[in-house]
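Please read this briefing with the sequence and the model side by side. It begins with the chain as a whole and then turns to single elements and residues.

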Amino acid sequence: MAKHRPLDFSLDRGSPVPLYFQLSQQLEAAIEQGGLAPGSLLGNEIELAARLGLSRPTVRQAIQSLVDKGLLVRRRGVGTQVVHSQVKRPLELSSLYDDLEAAGQQPATEVLCHTVEPASARVAAALGVAEGGEVVLIERLRLAHGEPMAHLRNHLPAGLLDLDAAKLAETGLYRLFRAAGITLHSARQTIGARAATPEEAERLAEPAGAPLLTMERTTFDDTGRAVEFGSHVYRASRYSFDFQLLVRP
């Protein structure tokens, strides 16, 4: 049974920043830094307000902002519970599996499809193969802490890797590339957003029409050969991409 976690937050009552926002920011930082682990209980709003010396509406507003972000959940008869921190993925050439593992998110994979199919015009153009030629399709559901995070579709040139469902379920695709001696060098990537279809919503445990992040990536090895074309969708409530922007001199 999850335990109530002691809260030690410093709120500046003289600051122009609203108290609810200060509390929500410090709670979010505690979740992301591991001070409040998944499953931790914060107690109900009355208990929290009393412990922190705040009004109940202030605590309710802070909690609701984190419920809306998917970091907290209210459970009847239990109280407010930490779900997990949102995954913030750096915009670099890395795999989702590696990023989740590095963030302590306990990645797991369900292999939905592993087959050979004719390359569509779009896939053929991305991989530099003949349209209608054979390519490998891998379709997976990636989970963290047992919750679905992303639906991944990857096309690979036929014969590139010796794959089976067991290998795909136990680790990430880029690790399999490295194990096969394939050195990933660069990628061309596009990020977007759209509403979830009913099928996607059911698969990702989101309401129909919920916002999803999309990403398409063509990855090249150190010889310039295209080795994969990925078309992925991510839960916006659980996932974001991090950018670092530099000022051009």
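Of the 249 residues in the chain, 45% are buried, where buried means under 20% relative accessible area, exposed means over 50% and partly exposed lies in between (1.4 Å probe, protein chains only). The model is predicted, so local features need pLDDT of at least 70 and side-chain atom pairs count only at pLDDT 80 or more, while totals for chains, interfaces and linings use all residues. Residues are numbered from 1 along each chain as its sequence is written, and side-chain values use heavy atoms, with hydrogens and water left out.

**The chain as a whole**

- The secondary structure comes to 8 helices and 11 strands, which are DSSP runs numbered from the N terminus, with helices (H or I) of at least four residues and strands (E) of at least two.
- Among the contacts in the chain with a separation of 6 or more, 60% are accounted for by residues 24 or more positions apart; contact here means heavy atoms within 4.5 Å.
- The chain exposes about 12900 Å², and carbon and sulfur atoms supply 52% of it, with areas taken from the Shrake-Rupley method with a 1.4 Å probe and, for residues, only the protein chains shown counting as cover.

**The nonpolar cores**

- The largest nonpolar core has 19 residues, of which Leu23, Leu27, Leu36, Val59 and Leu72 touch the most other members; such a core is a set of buried Ala, Val, Leu, Ile, Met, Phe, Trp, Tyr and Cys residues joined through side-chain atoms within 4.5 Å.
- Two or more residues of this core are given by each of α1 (19-32), α2 (45-52) and α3 (56-68).
- A second, separate core has 14 residues, including Leu161, Leu163, Leu184 and Val227.

**Helix α1 and its leucines**

- The 14 residues of α1 should span 20 Å at 1.5 Å a residue, and the end C-alpha atoms are 20 Å apart, which agrees; the expected span is 1.5 Å times one less than the number of residues in the helix.
- Within α1, the residues Gln22, Leu23, Ser24, Leu27, Glu28, Ala30 and Ile31 are buried, and their cover includes β1 (41-43), α2, α3, β2 (72-75) and β3 (79-82).
- Leaving aside neighbours within four places in sequence, leucine 23 is in contact with Phe9, Leu11, Leu52, Leu54, Val59 and Ala62.
- Leucine 27, which also lies in helix α1, counts as buried because its relative accessibility is 3%.
- With neighbours within four places in sequence again left out, leucine 27 is in contact with Phe9, Leu36, Leu42 and Leu66.
- Although leucine 27 and leucine 71 are 44 residues apart along the chain, their C-alpha atoms are separated by 9.5 Å.
- After α1 comes glycine 34, whose phi is positive, near 90 degrees.

**Aromatic pairs**

- The count comes to 2 aromatic pairs, under a rule by which rings of Phe, Tyr and Trp (its six-membered ring) pair if their centres lie within 6.5 Å, with planes under 30 degrees apart counted as stacked, over 60 as edge-to-face and the rest as tilted.
- The rings of tyrosine 20 and phenylalanine 21 form an edge-to-face pair because their planes are at 75 degrees, with the centres 6.4 Å apart.
- Tyrosine 20 is partly exposed at a relative accessible area of 25%, and phenylalanine 21 counts as partly exposed at 37% relative accessibility.
- Tyrosine 174 and phenylalanine 177 make a tilted pair, with ring centres 6.0 Å apart and planes at 45 degrees, and both residues are buried.
- These two residues, tyrosine 174 and phenylalanine 177, are 3 residues apart in helix α7 (residues 173-179), so about one helical turn separates them.

**Buried polar residues in strands**

- Threonine 109, found in strand β5 (residues 107-118), counts as buried at 11% relative accessibility.
- The side chain of threonine 109 makes a polar contact with the side chain of arginine 142 (2.9 Å); a polar contact is a pair of N or O atoms within 3.5 Å, where within protein one must be able to donate a hydrogen and the other to accept it, and residues adjacent in sequence count only if both atoms are side-chain atoms.
- Glutamate 139, found in strand β6 (residues 134-144), counts as buried at 13% relative accessibility, and its side chain makes a polar contact with the side chain of histidine 151 (2.7 Å).
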